[in-house]
Amino acid sequence: MYSDNILGFETIEKNLKAMAFKRLIYSFISILAILFLLSSGLTIAEENNAGSFQRGLSKFFDYPVDLFKEAFESGWRWYAYVFKYLPDLISTINMAFFSTLFGAIFALLLSLFASKNLIKNQYIVTLSRRSMDILRSFPELVIAMIFLYLMGKSELPAVIAIVIHTAGALGKLFSEAIENADNKPIEGLQSCGASWWQRVRFAVIPQVVPLFISYTLLRLEINVRASTILGFVGAGGIGEALSAVIQFRYGDEIIAIMFLLVITIISLDYFSRFLRGRLIGDNK
Amino acid sequence: MEQVLNQNVIDAVDLKHKKHIRILIITGFVFLVYLIGSILHFDLPNLAKKWNKDRASMFMLDIYAHKDHIKMNWKDPQKIDVRFEGGHRHVYKDDPTWLIRNKNNQSTIVNFDNGGQFVFFPNRVEMRNFPNINEPFIFKLNKNSKPYVDGYVGKESMLPSWMRATENKVEVRPSLYERLQVYGSKVEVHRYELGWKYFWFDFDSPLVGKGFFDAISLMFNENRVDPKISNFNLVVNEFLENEIWHHNTVLFAMVETLLMAILGTLIASMVGLPLAFLAAYNVTPLSSIRFFLRRLFDMLRGIDMLIWSLIFLRAFGPGLFTGIFAIAFTDTGTLGKLMSEAIENTDKKDKEGIQSTGANKVLQHRFGIIPQILPIFISQSLYYLESNTRAAVIIGAMGAGGIGLHFLGALMTGNDFENVAYMAILVLVAVMCIDTMSAKLRRLLIGIEDKK
């Protein structure tokens with residue numbers, strides 16, 4: 001009866017083959033494009049690099065080996081260096097923590113205005129989204145360098161730079177979390193005549209708070225790295241100490257600082273994963 | 001019975017609620033104390049005082065305006081020259097329309113758009129006709145070749161706030177756009193105008209003064225400006241070899257930075273994916289390999305991009321390789337870890353279905369696992385591409401080259417702020433372009449179900 005509508009096996013096979021062929025062509029083209037990009041990019045890199053690739057490869061282990069040798073030679077003194085730079089590390093972490101907290105507060109405010117299900121005015125939503133995009137797009141370093149130039153060397157420019165970037169980056173994630181929140185509790189409260197703030201407080205916040213905290217923890221991790229780098233250009237903390245010992249070529253102290261940094265980053269990683277796992281309830 | 005139960009439930013809920021509130025208040029309080037303490041520690045209340053106001057206003061002004069320097073030496077008052085931004089090689093051949101030389105009484109008048117004038121005489125400089133300034137000020141040199149304001153010797157405190165007289169210098173700034181500096185040896189006037197002058201074509205170019213659209217139409221004009229080369233080439237060459245804006249170097253540096261990000265991410269994802277397979281328990285039965293790879297990922301990720309770039313900087317010197325490898329090494333760790341987790345979370349049934357047809361191990365992974373992880377792989381790679389574009393700028397500034405280093409250089413010179421702004425805008429545009437492109441690509445490759 002429906003034989004007209006049902007495709008014969010031959011047609012299905014033909015379609016399938018055509019589709020497979022099309023896919024094959026697409027994959028082939030994209031692989032070619034990637035290979036072309038790689039080869040041409042590496043050629044440009046080779047041409048414009050100060051040293052050649054081969055020489056660099058042969059020298060790759062020289063520097064780390066030198067550093068480790070020096071650290072080994074300094075013996076017991078090396079452990080003292082680790083403690084010597086601990087206050088710098090704490091100041092860097094504090095810088096990151098404070099700016100993450102401050103940035104998260106700004107992000108929270110911005111994200112409320114960037115969520116379609118909370119604000120009905122399309123212009124406000126678009127405006128706050130665009131402003132978050134701009135805040136997010138500048139690398140922290142660019143903002144920090146300008147503020148460092150204008151305000152002199154201190155931790156404050158780095159804090160401002162990280163706060164700006166964090167507000168943009170977290171704001172986007174926050175607003176997405178709010179928009180993905182279940183609408184039913186909001187509607188339920190609305191049907192009882194709840195005000196805007198009551199709807200936000202009792203229907204939206206309980207749904208999104210775990211997500212918010214988990215995003216903020218991830219940001220904290222990123223910001224610790226960022227504040228180290230900003231220290232490197234003059235914002236204090238362990239980054240500045242690192243840049244100083246690199247200039248003086250104190251191999252043992254360089255290793256001590258790198259050791260501190262790596263330990264910090266790895267333990268922060270594990271700590272934040274543990275906390276996030278507990279908050280969201282899965283172990284990702 | 002029911003009543004009692006209800007009462008118990010209510011009490012329990014009440015208790016829990018109270019406990020909850022108490023915890024909330026305590027954490028809130030702790031955070032508040034921390035916030036206040038840190039605000040004091042980082043000295044946020046004194047934010048306004050920390051600004052170097054002169055620098056900040058110069059910076060802001062230089063970003064959207066350009067200036068011409070008019071200089072007169074007291075020893076040779078007839079030779080007054082006008083230079084663009086005070087550059088040694090940028091002396092105007094013809095006087096601009098706002099500069100009038102009067103041969104009769106040997107004076108030279110610099111006109112401003114608001115009607116004000118600075119008039120150079122061989123022995124003095126006069127200030128006339130500025131709006132809201134009724135008194136004509138006259139600046140002269142005394143016997144010891146020190147500058148002074150006529151009529152205000154010894155009464156410097158009575159000068160208006162926009163004028164500052166010290167022993168060796170008198171500085172006059174009626175508004176942001178006019179500035180006069182009188183020294184013992186010379187007088188210098190800065191005349192500001194809005195806009196980025198010579199952005200398209202520089203001072204000595206045959207196309208000087210042409211705007212963007214003029215240049216475009218000239219490109220396709222048959223009548224050659226320079227008989228030796230075609231107009232198209234001429235326009236492109238003159239644009240790139242702009243000596244004031246250095247389009248050539250800046251744009252190439254931007255390309256370098258983008259290449260760093262793209263190649264670094266590409267290498268990371270190409271190396272990271274196979275390693276991720278080897279690190280997943282449902283693919284690799286050998287736990288020793290898995291353990292080794294897991295620790296490798298942790299190490300690559302834990303040694304921060306900063307440290308990697310320092311190590312590579314020593315080996316490869318400043319250049320693209322440093323950036324590419326610093327990004328590739330860090331992200332191989334991150335992507336490897338993420339992807340191995342994704343592979344472990346794949347649905348077993350797909351693979352078993354393929355297995356039931358008698359396919360070998362490789363085919364099982366190809367058709368049982370890869371289709372499941374491909375969307376995650378693509379979206380994660382693209383996400384890292386976005387963040388690496390920013391990272392490449394940062395690594396560049398620390399020595400790897402690219403736009404980051406140029407940005408730092410322009411900022412450190414202390415007077416090329418328009419170039420700083422130009423590069424900042426370029427970075428902003430590039431980052432936004434990459435963001436939009438990767439979002440588009442993601443939607444194209446994975447479909448609409450992935451909203452992020």
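**Figure 1. Hairpin β7–β8 of chain B in the predicted model.** Strands β7(B) and β8(B) form a hairpin with 5 residues between them. In the turn, Ser145(B) has a positive phi of about 60°. The strands run antiparallel and are joined by 3 bridges, with β8 covering residues 147-149 of chain B.

**Figure 2. Pairing of β6 with β7 and with β5 in chain B.** Strand β6 (residues 124-128) and strand β7 (residues 137-141) of chain B run antiparallel and are joined by 4 bridges. Glu126(B) has Ile138(B) of β7(B) as its bridge partner. Strand β5 (residues 117-120) of chain B also pairs with β6(B) in the antiparallel sense, over 4 bridges. There, Gln117(B) stands opposite Arg128(B) of β6(B).

**Figure 3. The sheet β3-β4-β5-β6-β7-β8 of chain B.** From one strand to the next the twist averages 20°. In a regular strand, side chains alternate between the two faces of the sheet.

**Figure 4. The sheet β2-β1-β12-β11-β10-β9 of chain B.** Chain B also has an open sheet of 6 strands in the order β2-β1-β12-β11-β10-β9, with antiparallel pairing. The edges are β2 (80-84) and β9 (163-165) of chain B, and each of these strands pairs on one side only. Neighbouring strands of the sheet are turned against each other by 15° on average, direction ignored. Strand β1 (residues 65-73) of chain B pairs with β2(B) in the antiparallel sense over 5 bridges. Within this pairing, Ile80(B) in β2(B) is the bridge partner of Met72(B).

**Figure 5. Contact between chain B and chain A.** In the predicted model, 46 residues of chain B are in contact with 46 residues of chain A. Helix α8 (residues 305-316) of chain B gives the most to the side of chain B that touches chain A, with 7 residues. By class, that side of chain B has 32 nonpolar, 5 polar and 9 charged residues.

**Figure 6. Packing of helices α7 and α10 in chain A.** Two packed helices are described by the angle between their axes and the distance between the axes. For helix α7 (residues 140-151) and helix α10 (residues 196-235) of chain A, the angle is about 30° and the axes are 10 Å apart. The crossing of α7(A) and α10(A) is right-handed. On α7(A), the contact is made by Glu140(A), Leu141(A), Ala144(A), Met145(A) and Leu148(A). On α10(A), Ala226(A), Ile229(A), Leu230(A), Val233(A), Gly234(A) and Ala235(A) make the contact. By class, the contact has 9 nonpolar, 1 polar and 1 charged residues.

**Figure 7. Extent and domains of chain A.** Chain A has 12 helices and 0 strands. The radius of gyration of chain A is 27 Å, well over the 19 Å that the globule rule gives for 284 residues, so chain A is more spread out than a compact globule. Along the principal axes, the C-alpha atoms of chain A fill a box of roughly 90 × 60 × 40 Å. The domain assignment of chain A gives domain 1 (9-58) and domain 2 (73-280). Taken over C-alpha atoms, the centres of domain 1 and domain 2 of chain A are separated by 36 Å.

Methods: Residues are numbered from 1 along each chain as its sequence is written. Chains are lettered from A and ligands numbered from 1 in the order in which they are written. This is a predicted model: local features need pLDDT of at least 70, side-chain atom pairs count only at pLDDT 80 or more; totals for chains, interfaces and linings use all residues. Two strands pair if DSSP finds at least two bridges between them. Helices (H or I, at least four residues) and strands (E, at least two) are DSSP runs, numbered from the N terminus. Axes are lines fitted to C-alpha atoms, for helices over the stretch in contact, and angles run from 0 to 180 degrees between N-to-C directions. Domain bounds come from an automatic or database domain assignment. Two residues are in contact if their C-beta atoms, placed from the backbone, lie within 7 Å. Ala, Val, Leu, Ile, Met, Phe, Trp, Tyr, Cys and Pro count as nonpolar, Asp, Glu, Lys and Arg as charged, and the others, Gly among them, as polar. A crossing is left-handed if the near helix is turned anticlockwise from the far one by less than a right angle, and right-handed if clockwise. The radius of gyration is taken over C-alpha atoms; the globule rule is 2.2 Å times the number of residues to the power 0.38.
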